[in-house]
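Good morning, and thank you for joining this group meeting. Please look at the sequence and the model as they come up, and keep both in view while I speak.

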Amino acid sequence: MKKIAIIAAMSSEINSIKALLLNEQENEGYITGTLGDKEITLIQSGIGKVCAAVKTTELIDKFKPDCVINSGVAGGVGDDVKQMDIVVSTKTVYNDVWCLEPNAYGQVQDFPLYFEADKSLVAKIEEGEHNGITIHKGLIASGDKFVAGIEEAKNIRKLFDEALAVDMESCAVAQVCYMKKTPFISLRIISDNPLRSNDNHQQYADFWDEMANKSFAVLKNLLNNI
């Protein structure tokens, strides 16, 4: 894979990724550059499923990448998932979709319940050094709501007991990639976990001071290895 597209929701995430690139240029909101022999295209989607879907569609149609990587921040809901850990999607699901039976909760009618990440990309995560960062592989549940409380996190785990992280974009990116037949993976650094802290608002605020130093080592290794 030589042409890699990366999409992230917020400017803080984009700036950390941009620091990895050489020969960086920006045009019409797209940032292009190189990392080794890879051609990288980077774009900020904005927050939420609609923004993510629109920008992913634009990316694929305009640049025809070999794969799409969704990188950014998520809340943890797995029992063992801690702040500053990385969750790598093996699959994604919507945590706020209900199309009535016979569809399962989370399933968009006429689509699968889960959108699978590309297995070869997931396998590549295990290669290289990750500087002591803990990596979890599993389910990311996406919805248009910031999951800030213990009860909200517990409700998502009741619906999807495999869920390790929650965000607002991954599944929308995955669905577009499924429709466009483009390999996909999501990498999410955990900002907070309501199930592991009594004050996850403070946990989230403190996270941004440390995030840039650690979060994208895993992404860099993936880009070097694919």
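Let me begin with a term: the axis of a helix is a line fitted to its C-alpha atoms, over the stretch in contact, and the angle between two axes is taken between their N-to-C directions. In general, two packed helices are described by the angle between their axes and the distance between the axes. Please also bear in mind that what you see is a predicted model.

With that term in hand, consider helix H2, residues 49–63, and helix H5, residues 170–180. Their axes come within 8 Å and cross at roughly 35°. The crossing of H2 and H5 is right-handed. On the H2 side, the contact is made by Lys-49, Ala-52, Ala-53, Thr-56, Thr-57, Ile-60 and Asp-61, and on the H5 side by Ala-172, Val-173, Val-176, Cys-177 and Lys-180. Sorted by type, the residues of this contact comprise 7 nonpolar, 2 polar and 3 charged.

Is Thr-56 buried or exposed? Thr-56 counts as buried because its relative accessible area is 0%, and the cut-off for buried is under 20%. Setting aside neighbours within four places in sequence, Thr-56 is in contact with Ile-7, Val-173, Val-176 and Cys-177.

Let me step back to the whole protein. Its secondary structure comes to 7 helices and 10 strands. There are 226 residues, of which 53% count as buried. Among contacts with a separation of 6 or more, residues 24 or more positions apart account for 77%.

I turn now to the strands. Strand E1, residues 3–8, has 5 of its 6 residues buried. Which strands does E1 pair with in the parallel sense? One is strand E4, residues 38–44, joined to E1 over 6 bridges. Within that pairing, Ile-4 has Ile-40 as its bridge partner, and Ala-8 stands opposite Gln-44. The other is strand E5, residues 67–76, which runs parallel to E1 with 4 bridges between them. There, Ala-5 has Val-68 as its bridge partner.

E4 is also mostly covered, with 5 of its 7 residues buried. E4 pairs as well with strand E3, residues 30–35, this time in the antiparallel sense over 5 bridges. In this pairing Thr-32 stands opposite Thr-41. E3 and E4 form a hairpin with 2 residues between them, and Gly-36 in the turn has a positive phi of about 65°.

Finally, I return to E1 and to Ala-8, which is found in that strand. Why does Ala-8 count as buried? The reason is that its relative accessibility is 1%, against a cut-off of under 20%. Beyond its neighbours within four places in sequence, Ala-8 is in contact with Glu-13, Ile-14, Ile-17, Ile-43, Gln-44, Ser-45, Gly-46, Asn-70 and Ser-71. Ala-8 and Lys-55 are 47 residues apart in sequence, while their C-alpha atoms are 9.8 Å apart in space.

To close, I would ask you to find two places in the model: the right-handed crossing of H2 and H5, and strand E1, with E4 and E5 as its parallel partners. Thank you for your attention.

Methods: Residues are numbered from 1 along each chain as its sequence is written. This is a predicted model: local features need pLDDT of at least 70, side-chain atom pairs count only at pLDDT 80 or more; totals for chains, interfaces and linings use all residues. Side-chain values use heavy atoms; hydrogens and water are left out. Buried means under 20% relative accessible area, exposed over 50%, partly exposed in between (1.4 Å probe, protein chains only). Contact means heavy atoms within 4.5 Å. Two strands pair if DSSP finds at least two bridges between them. Axes are lines fitted to C-alpha atoms, for helices over the stretch in contact, and angles run from 0 to 180 degrees between N-to-C directions. A crossing is left-handed if the near helix is turned anticlockwise from the far one by less than a right angle, and right-handed if clockwise. Ala, Val, Leu, Ile, Met, Phe, Trp, Tyr, Cys and Pro count as nonpolar, Asp, Glu, Lys and Arg as charged, and the others, Gly among them, as polar.
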